[in-house]
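Me: Please take a close look at one part of this structure, the open sheet, and then at some aromatic pairs. Keep it brisk.

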Amino acid sequence: MNVTNAIPTERIDWVSRDMPKLWRYNLHYFDYLHDPQRSFENKCLLITDWIRSNPPGTEDAWEPYTASLRIVNWVKFFLSRAVAGLKESDRLPKHEWLESLYQQALWLEQNIEYHILANHYLKNGVALFFAGVYFEGVDADRWLQKGLGILRGELKEQFLADGGHFERSPMYHSICLVDYLDVLNLAENSSAAISSDIAGEFSGKVTAALDFLHAICLPDGAIPLFNDSAFGIAPPPHRIFDYAERVIGYKTPRPTKDLVVNAFPSNGYYVCRKADDMIIIDCGPIGPDYQPGHAHCDTLSYELAIDGRRVVVDSGVYDYELSRERAYARSTSAHNTVMVDEEEQSEMWGVFRVARRARPIQAHIDKAGEGSVLFEGAHDGYTRLKGRPIHKRKISYDGCGSWVVTDVLEGRGIHRMESFVHIHPDFTILESGEGPFRIERGWEIVAMIEALSPCRVQSGSGCYFPEFGLSRKNPVLAFSCSGEGPLQLSYRIQKTRNRQTQAHEHANPLSVTLLPSRG
C-alpha cells in the first residue's frame, strides 16, 4: 500500500484506526506469512496474537473478504510447514490455530457476500474450498461442496467468452486467475481432488484467461491500468505464467515482431502490437451492471507504448477512500478520452458507486491493408445531455510509428469537447513554436504530438497512480473545441527515430567532416 506503520510485536495494534481501511484489510489478510524474510517465530507470534486479539465479529478482522484471504493464507502456511522437512514440533500447527481456522470457516459459511458478489464472492468460494480440503468431517465436506459450487458458477459468470474478467480490471483479472490456479494446484495435490471433468473445465477457462492476460500486457510485461488497477497487488504476469506452467503446463504464445491485432469484444479491449510498439484501447462496459464498483470513466481511453516503454498512460488508482485522489482517478479527465460540457461520461459517486454509465455502441479493430490498422468505437455516455450527443472515436495506425486519433461528437446543439492525453511522468512535453509538441526524456525525443484539426491545445499536469499510495505528477495535453454539433478533434502521435540513433548522435555531437575549399 506504500504506507508504513511500525507495530511493536509485544503490543500489536490490530485495530490501527489511523490507517486507511484497505491497509487494515491487508493487515488481516496474512499475506506476510509467505514473506521469506520474516522469521518462522515471528509468523507464529502473529497468528497466536491475532487469535487472542480478534474475537469473532471484530470489525475488519472478521469481515468475509478478509476472513477469506486469511483462511487461504493460513492453509497454505500450514501445508508448507507440513512438507518442509522440519522437526515435528515446528511442522504441525498448534491446536488453537486449527480451532480458530475451523471457526473462521464456519463463520464464513454463514456470512457469504451475496450482497457484493463479483470478486468478493469468488474469494469466499476459494476459502471454503481450501477449508474443505484441509479439514475432514461433515462440516469440511459441506464447505468443499459449497466452495466448489461457487467456483464453478463464478467461472462461467466472471470469465467472459474472450477470457477476460467481467469487472474489466486487469488487476482483478490477475487476482481471480491466480485463485483458480491455486484451486487446481490444491486439488491436484490432495486426496479430496475434484473430478477430472471439473478440473478440465477449470483448466480450459484458465487457459483462455492466461491467453487474454498475455495479449493485453504491454511490452514492459505489465498490465494496463484500466479501471481499478495498480502494480504490486496481483503477482506480475511473468510469475503468473510460470505458476500456470507448473500447475497446468501452460506455455505462453511465441513472441513475434510482426503486426498483431487482437480483439476481445466481450471485455472490450482492442490491441494493436508491432515489435515493441503497442496500443490497447478500452471500449467495453465499465463492469457488470450489478457491481460496477471498480469502474472508471475510461471508455474509449487507451495506453500507448513506444519502443517498449509506456508513453501515454492510464492514471491508475491511488486508494479506496472517499478522497480527492479517488475522485480524480475515476474521472473522465484522468483518462485518455473525451469529456463533453465538463460532464463525466459515467456518473461516479462515493467510493464504489456509479449511477448512469457509458455503454459501448459499437467497437471493432481490423487490419486495413498495407500494414495499417483501424479501430472504430462509440459510446452513449453523453446522451443524457441536451442534444443527446454520441462520442465516436477512430484510431488509425500506419504500421510505421504513426497513430492518428479522431474524435467526433455527433448530436444537436452547442457543446464543448476536450480530448486528454496523459504522458508518463518519466517524460516531458515541450512546445516547438507553431509546430508539434515534443515528448522527451532528457535529450531523447521519443515522439511528436500535433493537432490535425482546428482546436485549442493546452499543456498541464495530472496525477499518475501506478501503485496504491503512490502519486506522481505527469504531463497532460488537452485538445478542445466548441460549437454546433457535429464537432471533431484530431491529433497525431508520431514516433521519432529509434533511441540507438539518437544515442549515437548525442554521444558524438561534433562528428563533422570538413572538406577543403575548391574556390
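Reply: In this predicted model, 4 strands form an open sheet in the order β6-β13-β18-β17. The pairing is antiparallel. Strands here are DSSP runs of E, at least two residues long, and helices are runs of H or I, at least four, numbered from the N terminus. Two strands pair if DSSP finds at least two bridges between them. The edge strands are β6 (338-340) and β17 (456-467), and each pairs on one side only. Neighbouring strands are turned by 30° against each other on average, direction ignored; the axes are lines fitted to C-alpha atoms. Strands β17 and β18 (residues 470-484) are joined by 10 bridges. Gln458 has Ala478 in β18 as its bridge partner.

Now the rings. Phe, Tyr and Trp rings (for Trp, the six-membered one) pair if their centres lie within 6.5 Å; planes under 30 degrees apart count as stacked, over 60 as edge-to-face, the rest as tilted. The count comes to 34 aromatic pairs. One of them is tilted: Phe226 and Tyr269, 5.2 Å centre to centre with 50° between the planes. Phe226 lies in the loop between α9 (196-216) and α10 (237-248), Tyr269 in strand β2 (residues 269-274), 43 residues apart. Both Phe226 and Tyr269 are buried, meaning under 20% relative accessible area, with exposed over 50% and partly exposed in between (1.4 Å probe, protein chains only).

Residues are numbered from 1 along each chain as its sequence is written. Local features need pLDDT of at least 70, side-chain atom pairs count only at pLDDT 80 or more, totals for chains, interfaces and linings use all residues, and side-chain values use heavy atoms, leaving out hydrogens and water.

Technical notes. Axes fitted to C-alpha atoms, helices over the stretch in contact; angles between N-to-C directions.
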